[in-house]
Amino acid sequence: MGLIERFFKEPRWGVHPDDHKRPAADAPLRVLPPPARVHLPLQQHVGGAARPVVLVGQKVLKGQLLAQSQGNISAPIHASVSGTVTAISEVTAPHPSGLGLAAITIESDFTDRWVDSDPVVDPFALAPEEIIRRTAAAGVVGLGGATFPAAVKFALGKRLAVRTLIVNGGECEPYLSSDDRIMRDFPEQVVDGARIIMHAIGASDALVGIEDNKPEAIAAMREAALACPEVRIRPVPARYPMGSDKQLIQTLTGKEVPADARAAEVGVLVHNVSTCAAVHRAIRLGQPLVERIVTINGAAVAAPGNVFAPLGTLVDELLACCGLTEAPARLILGGPMMGTPLLHGRVPLVKGASGILAFAAHEAAIPEAGPCIRCGSCTRACPMGLLPLEMAAHIRAGDLDGAVGYSLSDCISCGCCAYVCPSHIPLVQYFSHAKGELSARERARLRSDAGKRLAEARVVRLERDAREKAELAARRKAERAAAKARAEAALPQEETT
Amino acid sequence: MKPAPGDAPVAAPYAATPNSVRRVMSIVMGALAPATLFGFWLYGWPAVYLWMITIAAAALGEACCLRLMARDAGPVLLDGSAVLTGWLLAMSLPPWAPWWIGVFGGFFATVLGKQVFGGLGQNLFNPAMVGRVALLISFPVQMTAWVAPLPILAAGAPGPISGLLITLKGMQPAFDAVASASLLGFAKTEMSRGVDLAQSLLHAPLQAWYGSRPGSLGETATWLIVAGGTVMIFLGTITWHIPLSMLLGIAAPAALLHVVDPARYLDAGTHLLSGGAMLGAFFIATDYVTSPNTPRGQLVFGAGCGVLTYVIRTWAGYPEGVAFAVLLMNSMTPVIDRYIKPRIYGRNRQGSALELGK
């Protein structure tokens, strides 16, 4: 892109960190040697945890249902290897707290035998509802990291009559290249998955947004989409956070999603390229989501690259597959901008994990925070148009309501502000702290409201009981008095006769 | 809330910009350097000494405050902000001013202009301009004693030793340096005597296009100041909003009134090239801490600085107005930031959500 063109076309928001995507992105996809054991957490998605339907000791085949979804927003979990269920217990969650998470452990029998599948030759002959049902049953969730159950989103898109499917091949996070790899190696799966999703939601066209730092992926996708004019490949400027839904929608369609609305309400639905490929496999091959491509990168990795691995594999085994040159100074699940720090490598690979980063000491060092010099870098970088420095100042002073007044709720935690801060202030940490505090406060308020309502209802009930008792007593007294009066009235009559 | 201590995980991002406060300050100093060197050449050794003394005083003032607060002064001084404050102040002083002007000004700038507010990032007013205005009000004679340029290698210019004596003991009669007024001061004085510009400008102090003229270091090297400022804009250290709006704020009323009555009002070009206009627009008003942090707010701020500069120069008692204008607009910064905010994605300027279907 020429200098002039760049100047006018580059978005005003965002940052441009060193992407560190190569050489990992260029290394051919590797397949992980089958792990001896996998641990599949019941909660790998947004929504309710899945409920186990297998017993300890039970033999399972690859792709067999282990736990079914519970509630409206949930996803089932399937076996990622064939073998024996050895435990349903807790493993370390892929979360900074390192707390436990219920998981099903399978001891592999190394035969890798698939459960009988139900492939579909022509998905476009199926009713959209059937595609949605099959996607839900395959446990497909948003693989870009959001892990929202895909089928729930399809249903929403269908209900709101979405016209345009946006396929997110942005992959703006530095270091990560799993989406790049899936577009280079399996572009026809991505395109076919996108067409199946279009059929499911009733969309008429699809825009595939790919950052222009992935020319090989753009070329591969263009070729795969030659036969289907309704799927258009649209290179977008490489600018973090281009892969964020709202920013990608705006770049590709010019539409802005109102603050209180969902993307579907402006007629678009965003799905990640890896999700499209997973939908293709779920529908065409009848295979549930049990494997994914994960980027193993970072200066502590000997041979960085992308690995195709069963879900539930321990991070340690993935790192061992690529080799480590030194003990990682920092382990991250996801990208460096929005990823989750891992306390250790005994954490299972989950559906939403697009990358595992093992940083060497020099990469992991974050300079010490200094005072805010109000330079406004954060304001210029914020893709949402917020004032991070003002929000942080209010949060620092304990004035959470002040931060809410600066629209803290619109913050997408992309990390641009903290990245670009010359004083290296951990701004996102402030915002996460405040969001957590506010949601705790909101829960406490709901609870106290509920308590108050119950107490008020009790007072009303007691009053009503007392009143009814009094009325009853009064009525009985009146009846007795009436009976007595009648009796007295009857007596003299008798006397007279 | 403080960032989580020790090994406790801190939220992402785990990548950081190579930029730092020290780098920002270094770029600003680098951009100032050519103009400063030109000033040194023009005014010789006394200017060099005054520059060093002012910077040392500013740094010492900062260090003393940090010591009083039982903080380690070393790393704070290394961020370069105190040095830059002293430097900018030195750029605005009469180059042959006595040493105690530099000491008083430097100390005043970092102690009362910055550290009493809580240090870097906390001050409401531009520290260098606080120092300059304190000096101007306290020592009006020394602060308006300009000399005509006497290049460092010219015959009759003070050498390193005699230059030091000038700084320490005051102006020596042995040198050819002619006490001279700056153009704005000259015009104001003549005007107050009833001589209009048509007459007075005929025998005004010599002005060379390249900046050889009586004035402060920052007043003489106008083109080098502009060049340094432009480099900072290209490096992204500052944005164009404040410099452009401030210069327009000076030039627009100047041009208008000059057309109305050329005998009473100086032309826009003279206004832009005189006094601290360029230094103010590129280096003083753009101070991050004391200026608004949204582009639109910066436009308002810059325009305010420019117009106030012109008003003070033209109708107030002082011939030069940049320092006062910047300080006045500094006090408006919190108000500007309160009312001028960027539009949030998905919301209108008032902050309510956009309506669907529009």
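The questions and answers below take up these labels in turn. This is a predicted model, in which local features need pLDDT of at least 70 and side-chain atom pairs count only at pLDDT 80 or more, while totals for chains, interfaces and linings use all residues. Residues are numbered from 1 along each chain as its sequence is written, chains are lettered from A and ligands numbered from 1 in the order in which they are written, and side-chain values use heavy atoms, with hydrogens and water left out.

Q: Why is Cys305(B) called buried?
A: Buried means under 20% relative accessible area, exposed over 50%, and partly exposed in between, with a 1.4 Å probe and protein chains only. Cys305(B) has 0% relative accessibility, so it counts as buried.

Q: What makes the sulfur of Cys305(B) too far from the closest cysteine sulfur for a bond?
A: A disulfide is a pair of cysteine sulfur atoms within 2.5 Å. The closest cysteine sulfur to that of Cys305(B) belongs to Cys375(A) and is 19 Å away, which is therefore too far for a bond. Over all chains, the structure holds zero disulfides. Cys172(A), likewise, is in no disulfide, the nearest cysteine sulfur being that of Cys416(A) at 8.3 Å.

Q: Why does Cys172(A) count as buried?
A: Its relative accessibility is 14%, and because the limit for buried is under 20%, Cys172(A) counts as buried.

Q: What makes a set of residues a nonpolar core?
A: The term is used for buried Ala, Val, Leu, Ile, Met, Phe, Trp, Tyr and Cys residues joined through side-chain atoms within 4.5 Å. The largest such core has 83 residues, and Leu165(A) is among those with the most contacts inside it. Helix α5 (residues 187-201) of chain A supplies the largest share, eight residues; helices (H or I) are DSSP runs of at least four residues and strands (E) of at least two, numbered from the N terminus. A second, separate core of 73 residues includes Cys305(B).

Q: What is the phi of Phe110(A), and what is that of Arg374(A)?
A: Phi is near 60 degrees in Phe110(A) and about 55 degrees in Arg374(A). Most residues other than glycine have a negative phi.
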